[in-house]
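Please walk me through this structure, from its domains down to a single side chain.

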2 protein chains.
Amino acid sequence: MAAEIENHLISTFGGLFGYDEAGTEGTFTSGGAEANHTALLTAITAHFPDFPEHGVRSLPRQPVFYVSSQSHHSFLKAARFCGLGTGAVRHVEVDKQLRMSAGSLSDMIRRDTADGLEPFMVVASAGTTNAGVIDPLQQIADVARANGLWYHVDAAWGGAASFVSELKGYFAGMEQSDSITFDAHKWMSVPMGAGIYLTRHRGILNRTCAIETSYMPKDAAGLDIRDPYMHSMQWSRRSIGLKVFMSLAAAGKPGYESVIRHMTAMGDRLRSRLELAGFEICNETPLPVVCFRPTGVRDMQILQAIVRKIVNSGQAWISTTQLDGQGPVLRACITNFRTEAEHTDRLAELVKTYTAEVMGSEGQG
Amino acid sequence: MAAEIENHLISTFGGLFGYDEAGTEGTFTSGGAEANHTALLTAITAHFPDFPEHGVRSLPRQPVFYVSSQSHHSFLKAARFCGLGTGAVRHVEVDKQLRMSAGSLSDMIRRDTADGLEPFMVVASAGTTNAGVIDPLQQIADVARANGLWYHVDAAWGGAASFVSELKGYFAGMEQSDSITFDAHKWMSVPMGAGIYLTRHRGILNRTCAIETSYMPKDAAGLDIRDPYMHSMQWSRRSIGLKVFMSLAAAGKPGYESVIRHMTAMGDRLRSRLELAGFEICNETPLPVVCFRPTGVRDMQILQAIVRKIVNSGQAWISTTQLDGQGPVLRACITNFRTEAEHTDRLAELVKTYTAEVMGSEGQG
C-alpha cells in the first residue's frame, strides 16, 4: 500500500515535470543529496555496463561529468563516494547571470575527450541554492544529446515553480532530461526529508540498485511489484511518500500553485522594496531568493555585521554568500508560505536601518 | 543543540560498545544499510589516501573486502555504489553454526594478496539477520590486526544485547573493531530509521565526507563544532538522534536492559516450546530469533504452506528462510517488547496444529 502510494506519486511528479507518466520511474530519498547521488549512480550504470560488477577499474577511460560552479556541492561528495574521485567533477563556466554556458560545456567535452577522458553526464541546475539561477535547460539538453551524455536536472528547490503556468517557461527543456532531483520538503512544506529522484528510463534503477544473488528475493516476475530496496540506495526505509501524498491530498495541486504564486510574489515585492531602499539586486531569478547589497559595497565584514544585527533582532533570518564574479552579497530566501507583505517590507526596513548603523560606525571607525 | 544531542549519543553508544567515549566519532544514518555503506567508505578512505580525489582508478591494485555468506547484503550494494564492484566482495566460509571461519578468512586473504588483490576490510556480523548468529569477534579481530585490515562489526540488530551484562560475553572483541553499525530502531523501539555508524578513529569521517572547496564553510577551527553534512553521506538531514535521546531519557539504560532481557527470555521460551512440540531448532544464538522446522522436513513448499496458514490466522507473523548448508527453515523473530509468554506459547501451538494439517494433507495428496 505504502509502496503503491509512492509509485503513484512518482508517476504524478514525472507528469508534472513533463515526463510520460506511465514511463516514469523513481524513488523517494532522504533528501536532495541522495537524489543527486542516485542520479550519478544511474548515469554511470547506464553508460558503463561493467560498473556494477567490476567497478571503476574495469572502465577503459576515466569517466568525467559536468556541473557549473553554482551547482550543489553534493555532486562532489557523490563523485568521491562512487569511486570516480572529486577530480572527475568538471566545473563549467557560468555567464554573468551565473547560468552554465552551453558553449563552454561543448568546448570542455571536446577537450576532455581529446585528452582521453570519458564524459558521461551533465548536471543543470533549475534553481541554484545560492541565487535561484535556472541554467539554460534547452541548450544544455541539446549539448547532452549531441554528445551522448546523461542529462540530469537538479531542481531540488526550484522545480516546484514549474507547476505554475506563468513560470513554466523558465523550465523549458527540463522534460528532455534523463533524470530529475526534486525536494518535496522545500516548497511543499512537508517535514524533512522528502527528496525525489525521477527518471524516464524504466529499468535503470533496477540495474543500478538491485543485487543479483541467489540469496535475495527477486521482483515478482510479471507483477507490477517494485520492492523499494531494489530501486533505491537505501534498504528498508521510512515511507517518505506518505506525508507528501497527504499534503497533496489536503492542498491539491491548485493549493500548491497558489502557495508558489504567493511566495514568488513576495520575492518580487522584497526585491522592489530593497531597490527602493537603495540596494543593488545581484541575481536574476523568478524564484523568491534575493541576493543584494548596499550599492557598491563588496566588503564581506560589513555585510556580515549587517546580518548579525538583523538575526540578533529576532525579526528575520538572512545570510551572506559569495556569487561567482560578483563577490559577497546578502541573501534572503522566502521559504515559508506564511510570509506576507508586512514581513518583506519590515525586512527591507531592517536592512536599511542596520546598514546605516553599520556603515555609519564603519565611517567613524 | 540537535547536533550536540547527537554528539552526546555517539559518545554514549561508543562507550556502551566498549570504545573510549571521548574518542568515539560517528553519525546517525537513515538505517543500517547507510551505516554499512559509510563503514565501507571510511575503510577505503583510511586505506587508500588517493581515493577521495582520484578514485578507484588511481589505486595500484583492486581492493577487496571480506564478509561471510550470512552477512547483510547491503555490503554488495555498497561495494557496487563505491566503484569497487560487487566482484570486490569476498565471501568467507561459515562453520556449522553459520559463524565466519577465521581460518578460512586468513587463507583467503593470503591467496588474494598472492593474486595481486588488495584486502582492506573484514566485516563481522554480531547478530545475522537470518539466524542471529554472532561471528567469533575476537578471532576476526586478531586476523584483521595481523593483516592490517579495517575491522567493521555489523551489529545493526544484535548489538543491543551487549548492553545486558549476562549477554556481553558473546560480543567480546567487538570493542577492538574500527567501526560499528547499530540500529536504534530495532530493539530500542524508536521509529524507522535510526541507524548509527560509530568509529574509534577520530577524523576519518571528516576525511571521508568533507568536501574540500573554497565554496564550502569549514568546520569552525578550534571549536568543537561538527557540521553534520561534513561527517555523513547525507547533506542536511532529519535530526535522527532526538527520538533516540527522548527514548533513552524516558526508559533509561536499565529500561532497555529489562526489555532486552525480557525479549531474549521470550526467545528462549519459544525455542523450548517448539522443541517440546517436536520441532528441530536449526540456529544457535542467544538472540530472540528462532529458525526451526518439523524434524527432518527440508521441503520449502511444505514450510511455506505452514507459514501461509499461520499468517492467514492473523495471530502471528513468521517467515521462511534458507540457512547455508541447512536448507530451508521456518523463522520467528521477536521484535516487540510486548511479546509475552502467552504469545510464544500460542505460536508454538499454531505451528504444531498447522504443521499437522499441512503434513496430513501432504500425506493424503
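Into which domains is chain A divided? Chain A has a domain 1, residues 2-238, and a domain 2, residues 253-364; such bounds come from an automatic or database domain assignment. This is a predicted model, in which local features need pLDDT of at least 70 and side-chain atom pairs count only at pLDDT 80 or more, while totals for chains, interfaces and linings use all residues. Residues are numbered from 1 along each chain as its sequence is written, chains are lettered from A and ligands numbered from 1 in the order in which they are written, and side-chain values use heavy atoms, with hydrogens and water left out.

The C-alpha centres of the two domains of chain A are 31 Å apart. Contact (heavy atoms within 4.5 Å) links 27 residues of domain 1 of chain A to 24 residues of domain 2 of chain A. Between them the two domains bury about 2,100 Å², with 64% of it on carbon and sulfur atoms; buried area is the accessible area (1.4 Å probe) that two parts lose on being put together, summed over both. On the domain 1 side, A:Asn130, A:Trp157 and A:Trp187 lose the most area to domain 2 of chain A, together 29% of what that side buries.

In chain B, 4 strands form an open antiparallel sheet in the order β8-β9-β11-β10. Helices (H or I, at least four residues) and strands (E, at least two) are DSSP runs, numbered from the N terminus, and two strands pair if DSSP finds at least two bridges between them. Because β8 (279-281) and β10 (319-323) of chain B stand at the edges with a single partner strand each, one side of each has no neighbour in the sheet. The twist from one strand to the next averages 45 degrees; axes are lines fitted to C-alpha atoms, for helices over the stretch in contact, and angles run from 0 to 180 degrees between N-to-C directions.

β10(B) is joined by 5 bridges to the antiparallel strand β11 (residues 327-333) of chain B, where B:Leu323 stands opposite B:Gly327. Helix α9 (residues 240-276) of chain B packs on the sheet and touches β8, β9 (289-294) and β11 of chain B, at about 10 degrees to β9(B). Helix α10 (residues 300-312) of chain B also packs on the sheet, touching β9, β10 and β11 of chain B, and makes about 150 degrees with β10(B).

Elsewhere in chain B, B:Ser162 lies in the loop between β5 (150-154) and α7 (165-168). A polar atom of the B:Ser162 side chain is 2.8 Å from the backbone oxygen of B:Gly159.

Notes. A polar contact is a pair of N or O atoms within 3.5 Å; within protein, one must be able to donate a hydrogen and the other to accept it, and residues adjacent in sequence count only if both atoms are side-chain atoms.
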